[in-house]
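I opened my notebook beside the model today and wrote down what I looked up. Come along and check each entry with me.

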Amino acid sequence: DHLIEGQNQRNTRLTEEISSLDKAIKEIESLDKRKAELLARKNVIEQLQSNRSQMVHLFDELVRTIPEGVRLNSIKQVGEKLTLDGLAQSNARVSSYMMELEKSGWMASPDLSYIEAKGTDKTMPYQFVLSVTLKKPKKAGEEESDGADMVAGGAQ
């Protein structure tokens with residue numbers, strides 16, 4: 001009886017320890033979940049912080065690239081795609097605008113959706129819609145490393 005009672009006490013003690021360890025495991029799991037949530041928030045904040053100046057540069061580039069005889073009516077951004085809706089004096093003005101956008105460090109791949117001569121403004125009769133992909137320009141160090149790779153590749 002004494003041995004059985006001793007074993008029962010050990011079993012009870014083990015059950016209590018298992019219970020306390022289960023609580024600790026649940027707490028660790030909740031802390032891991034909380035950690036993952038905080039890391040996700042941190043990543044979103046870092047992404048927003050890195051893109052904070054992008055809009056300023058984007059609008060600056062829009063002003064710099066727009067040629068005489070082209071007027072934008074609306075700008076719409078969805079993800080990395082920017083849709084520009086505007087009026088132009090001629091097809092050549094839109095073509096010139098697309099070439100300027102291609103040269104821009106902040107925009108790439110201009111794609112003309114349509115251009116039609118249906119505007120009500122006699123001075124700017126051509127209505128157009130084009131889209132560009134937003135990008136971040138390479139920094140001076142990145143451009144140099146690309147050039148160094150080309151030189152190293154040519155020397156081999």
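My entries below go from the sheet to the core, then to one residue and some charged pairs.

**Ground rules**

I am working with a predicted model, in which local features need pLDDT of at least 70 and side-chain atom pairs count only at pLDDT 80 or more, while totals for chains, interfaces and linings use all residues. I number residues from 1 along each chain as its sequence is written, and side-chain values use heavy atoms, with hydrogens and water left out.

**Entry 1: the sheet**

I looked up the strands first; helices (H or I, at least four residues) and strands (E, at least two) are DSSP runs, numbered from the N terminus. In what order do the four strands form the open sheet? I found S1-S2-S4-S3, with antiparallel pairing. Strands S1 (70-78) and S3 stand at the edges with a single partner strand each, so one side of each has no neighbour in the sheet. From one strand to the next, the twist averages 20 degrees; for angles, axes are lines fitted to C-alpha atoms, for helices over the stretch in contact, and angles run from 0 to 180 degrees between N-to-C directions.

I then followed S4, which covers residues 126-134. Two strands pair if DSSP finds at least two bridges between them. S4 is joined to S2 by eight bridges, and eight bridges also pair S4 with S3 (residues 107-117). Thr133 in S4 is the bridge partner of Ala108. A reminder from my course: strands of a sheet pair through backbone hydrogen bonds, either parallel or antiparallel.

**Entry 2: helices over the sheet**

I checked contacts next (heavy atoms within 4.5 Å). H2 lies across S1, S2, S3 and S4, at about 155 degrees to S1. H3 also lies across S1, S2, S3 and S4, running at about 170 degrees to S3.

**Entry 3: the core**

Here I needed two terms. Buried means under 20% relative accessible area, exposed over 50%, and partly exposed in between (1.4 Å probe, protein chains only). A nonpolar core is a set of buried Ala, Val, Leu, Ile, Met, Phe, Trp, Tyr and Cys residues joined through side-chain atoms within 4.5 Å.

The largest nonpolar core has 15 residues, and Leu82, Phe128 and Leu130 are among those that touch the most other members. H2 (54-65), S2 (81-88), H3 (91-103) and S4 each supply at least two residues of this core. Leu82 has contacts that include Leu58, Met107, Leu130 and Ser131, beyond four places in sequence.

**Entry 4: Ser131**

Is Ser131 buried or exposed? I found a relative accessible area of 6%, so Ser131 counts as buried. Beyond four places in sequence, Ser131 touches Lys81, Leu82, Thr83, Ser109, Pro110 and Asp111.

**Entry 5: charged pairs**

How many salt bridges does the structure hold? I counted five, each a side-chain nitrogen of Lys or Arg within 4 Å of a carboxyl oxygen of Asp or Glu.

Lys42 and Glu46 form one, with the closest N and O atoms 3.4 Å apart. About one helical turn separates them, because they are four residues apart in H1 (residues 2-50). Lys42 is partly exposed at 44%, and Glu46 is partly exposed at 43%.

Glu100 and Lys103 form another, at 3.5 Å from N to O. Glu100 is partly exposed at 30%, whereas Lys103 is exposed at 64%.
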